[in-house]
Amino acid sequence: MNENVRPRSGTILRIKKSLCLGCGLCVESCPRQAITIITSTAEINQARCNQCRLCLEACPQEAIVESRPVSEAELASEVGSLKQTADDLIKRIEKLRQKDLAAKE
Ligand code: SF4
Ligand code: SF4
């Protein structure tokens with residue numbers, strides 16, 4: 001097994017639908033029958049996939065990519081952080097607006 005097909009923990013493989021041609025080469029490469037072509041696009045059944053990454057090498061389109069699922073806690077933290085940034089921006093804009101109004105008086 002070479003470096004490219006070594007399983008990595010904490011990630012899943014997914015199909016970039018915009019790149020997939022529906023050629024089926026990934027389906028043939030998969031030893032776990034985890035990939036099916038649905039309406040001309042490959043889909044990976046995560047429950048069957050063991051992350052051997054053979055499909056990744058087989059795809060001529062580089063349409064199979066690794067991604068790390070985001071947990072709800074991470075998502076909530078990111079949303080909280082973005083909300084804080086937005087709140088700070090709104091305060092700064094309001095301050096600038098007040099300054100501008102004061103300058104015009
Ligand atoms: S090999 Fe790539 S392009 Fe072909 S069906 Fe699979 S994901 Fe799509
Ligand atoms: S990583 Fe391996 S098991 Fe998972 S879909 Fe690709 S070829 Fe199949």
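This is a predicted model: local features need pLDDT of at least 70, side-chain atom pairs count only at pLDDT 80 or more; totals for chains, interfaces and linings use all residues.
I started at R53, found in the loop between β3 and α2 (54-58). Helices and strands here are DSSP runs numbered from the N terminus, with H or I of at least four residues for helices and E of at least two for strands. Phi of R53 is near 70°, a positive value in a residue other than glycine. I looked that up because most residues other than glycine have a negative phi. R53 counts as buried because it has 21 C-beta neighbours inside 10 Å. The cut-offs: buried is 20 or more other C-beta atoms within 10 Å of the residue's own, exposed is 12 or fewer, partly exposed is in between, and C-beta atoms are placed from the backbone.

Residues are numbered from 1 along each chain as its sequence is written, while chains are lettered from A and ligands numbered from 1 in the order in which they are written.

Confidence next. pLDDT is the predictor's confidence in each residue, from 0 to 100. I get a mean of 91 for the protein chain, with 91% of its residues at 70 or more. Over residues 1-7 the pLDDT is below 50, and beyond near neighbours in sequence this stretch has ten contacts in the model. A contact means two C-beta atoms, placed from the backbone, within 7 Å.

Then the overall layout. I count three helices and four strands in the protein chain, and the pattern along the sequence reads β-α-β-β-α-β-α. The C-alpha trace spans about 75 × 25 × 25 Å along its principal axes. The radius of gyration is 23 Å, whereas a compact globule of 105 residues would have one near 13 Å; it is taken over C-alpha atoms, and the globule rule is 2.2 Å times the number of residues to the power 0.38. Buried residues make up 10% of the 105. Of the contacts with a separation of 6 or more, 65% are between residues 24 or more positions apart.

On to the hairpin. β2 (residues 35-38) and β3 (residues 41-44) pair in the antiparallel sense over four bridges; pairing takes at least two DSSP bridges between the strands. I35 has I44 as its bridge partner in β3. Two residues sit between the strands, and T39 in the turn has a positive phi of about 40°. S40 lies in the loop between β2 and β3 and has a phi near 65°, again positive in a residue other than glycine. S40 is exposed because 11 other C-beta atoms lie within 10 Å.

I also checked L19, in the loop between β1 (12-15) and α1 (25-29). L19 touches Q61, E62 and A63, not counting residues up to four places away in sequence. The C-alpha atoms of L19 and T41 are separated by 9.2 Å, with the two residues 22 apart along the chain.

Last, the ligands. Ligand 1 has 14 residues around it, the closest being C20, C23, L25, C26 and C59; near means a C-beta atom, placed from the backbone, within 6 Å. For ligand 2, also with 14 residues around it, C30, A34, C49, C52 and C55 come nearest.
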